[in-house]
Amino acid sequence: MARIEKDYRRAVIYQIYVKSFCDSDGDGLGDLPGIIGKLDYLERLGVDYLWLTPFFPSPQHDNGYDVSDYCAVDPRYGTMADFDELVAKAAGKGMGIMLDMVLCHTSVEHEWFRRACAGEERYQRYYILRDGRGASGPGDPGEPPTNWQCAFGGSAWKWEPRLGKWYLHLHDVSQPDLDWANPEVRAALADVVRFWRERGVTGFRFDVINLISKPEVFEDVPGSGAACRALVADGPHVHEYLQELVASAGIDGMITVGEMASTDLANCIRYTRPEDHELSMSFSFHHLKVDYAGGDKWTLMEPDIARLRETLRTWQEGMQAGGGWNALFWDNHDQPRAITRFGGRAGVGERGGSWERVGKMLAVCDFFMKGTPYIYQGDELGMTNAGYTSIEQYDDVESHNNYRLLMERGATADEALAVVGERSRDNGRTPMQWSAGPGAGFTTGTPWLEIPATSELVNAEVEVGAEGSLFEFYRVLVALRHELDVVTEGAVRFLDAGDGAPKVIAYERTLGDERLVVACSFDEAPCATADLGVAGYEVLLGTYDDAPSTNELRPYEAVVWRR
Ligand code: GLC
């Protein structure tokens, strides 16, 4: 079988959240045959690679990011034969498959952890185990070894009586961190990656991969302990471990992306410079924290567009200067929907509302930057937040933990629900909206997560082939990414849109004589823009039906001019 190998800089990647994409057997969960049934749709969109979120056996405490067997398919998602068929059929349509490798931690139900708990020292050395603080002797837990907090709220340590130790879990309590300092662990994980490569996979996404190298000394961090992420991120041996993984799994030159938590520019340059033989590109998240009041995800504020612009500029121009490569995205399965988030919430999901316009503007902003764009399932339809009205409608462990923590800190139930409504990861996990009506064409059964009311209006059935729809707009963008050298190779530089346009993000792309100017308004009101130097240029693309002006942008308008 021909392996799909494309220039990752020219490619567009589509992320499939398997559990919510398409259910072929009516059990309410998406599955691999469901994806096979939608390959024509994906081909029509024109994307090059499909990144599939984990479908490996898992107790699903963190929706499959708690893996209990790395080299098998969870029966709820299909069989290995389904997987092979998916790889072959996608390849037949020119699309490669990228798998999500969760190698920072396992599930507590993974054989390694079970054998560790059963007393096998060899497997105890796979995990990060420590004695408690102030413990009087064996069997006495004492206090957690440090004040570190896990990503989903609460201590990052769990006392395990069978081990007589605390184990570290930077994520859910059911996700013990692996000890990458142990060479046997690194070799076992490289075997996992090699296994999938040999099955025809064309690329990989590595989950929280910059958290694998833990600090030499474990010590308290200031404040509540949440800052431990920054302490653990980009640890002392992370580059060495990644280079070793890439070499020993034999994946150098394949398309790869690392999810980098609390990272910095200098490290992301190193992760992605081709000469370092680590990864093709990196996800960083600073641009999605511009609406966290005081840096806290669970305290709401309006997005700070000036900060968004400055963050994008730093990463665009900085990665370029250092020879690194960005993954470009607004949405994924961990984020609320960007249309709701950056679209002023007004008109979201309503007929004639601004959601479509906001969706087009966000897509333009992303697709013309330097890097590789990702479409998260439903972006191309304009899917918005879940709009749930009760905590019971949420499934995600992080949402439930923080709902409880918010109330412990004094919020009323309604206040806590309002915060979860904005910030829950389930906003991005609602089932794909294929059509109007019950089940949204996602399932004939009861969906594992409730379908938003917006599916009546926002769905593939009405948008595919419809003039002016968001889906058709995305098709144009994907085609332009494939065609335009200036977008793949050109230099990027951010432009000042002037004091009259505080919510406009503008940048230029240049290659030889070619110049594109991109202007995106995050403003719900019209605004006056400074001279962007586009006199005499043609309009390559605009998000309104009629011609744009060169000195004013309409609400949420985006324009691309070309010399
Ligand atoms: C990543 C995943 C997220 C998961 C976490 C722990 O951030 O994207 O969904 O909960 O890692 O594996």
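## Ligand site, pocket and cavities

The lining of the largest cavity in this predicted model has 7 nonpolar, 7 polar and 1 charged residues (Ala, Val, Leu, Ile, Met, Phe, Trp, Tyr, Cys and Pro are nonpolar, Asp, Glu, Lys and Arg charged, the others, Gly among them, polar). A cavity is a set of points on a 1 Å grid over the protein atoms alone where a 1.4 Å probe fits but cannot get out; a pocket is an open set with protein on both sides within 12 Å along at least five of seven lines; lining residues have an atom within 4 Å of a point. The ligand has a place of its own to look at: the largest pocket.

Residues are numbered from 1 along each chain as its sequence is written. Local features need pLDDT of at least 70 and side-chain atom pairs 80 or more, while totals for chains, interfaces and linings use all residues, and side-chain values use heavy atoms, without hydrogens or water.

**The ligand and its shell**

- Around the ligand there are 14 residues (a heavy atom within 4 Å), and D62, D207, E259, H333 and D334 come nearest.
- Sorted by class, the shell around the ligand holds 7 charged, 4 polar and 3 nonpolar residues.
- The side chain of E259 has an N or O atom 2.8 Å from an oxygen atom of the ligand.
- For H333, an N or O atom of the side chain is likewise 2.8 Å from a ligand oxygen atom.
- R205 brings a polar side-chain atom to 3.1 Å from an oxygen atom of the ligand.
- On its own the ligand has 310 Å² of accessible area, and the protein covers 96% of this (Shrake-Rupley method, 1.4 Å probe).

**The largest pocket**

- This pocket is where the ligand sits (more than half of its atoms lie within 2 Å of the grid points).
- The space in the largest pocket comes to about 1000 Å³ (the volume filled by probe spheres set on the points).
- Its lining counts 39 residues, and A151, R229, K297, W298 and E398 lie nearest the centre of the pocket.
- At least two lining residues come from each of α7 (228–232) and α13 (397–408) (DSSP runs: helices H or I, at least four residues; strands E, at least two).
- The classes in the pocket lining are 15 nonpolar, 12 polar and 12 charged residues.

**The largest cavity**

- The structure holds 5 cavities of 30 Å³ or more, and the largest cavity has about 160 Å³ of space.
- Of the 15 residues that line the largest cavity, S284, H287, L312, W315 and A327 lie nearest its centre.
- Both α10 (305–322) and β10 (327–328) give at least two residues to this lining.
- With 4 residues, α10 provides the largest share of the lining of the largest cavity.

**The second largest cavity**

- About 110 Å³ of space lies in the second largest cavity.
- This cavity has 14 lining residues, with W330, D331, L362, D379 and Y474 nearest its centre.
- Two helices, α11 (338–342) and α12 (355–367), each supply at least two of the lining residues.
- The most comes from α12, which gives 5 residues to the lining of the second largest cavity.
- By class, the second largest cavity is lined by 9 nonpolar, 1 polar and 4 charged residues.

Terms used. Polar contact = N/O pair within 3.5 Å; in protein donor to acceptor, adjacent residues only side chain to side chain.
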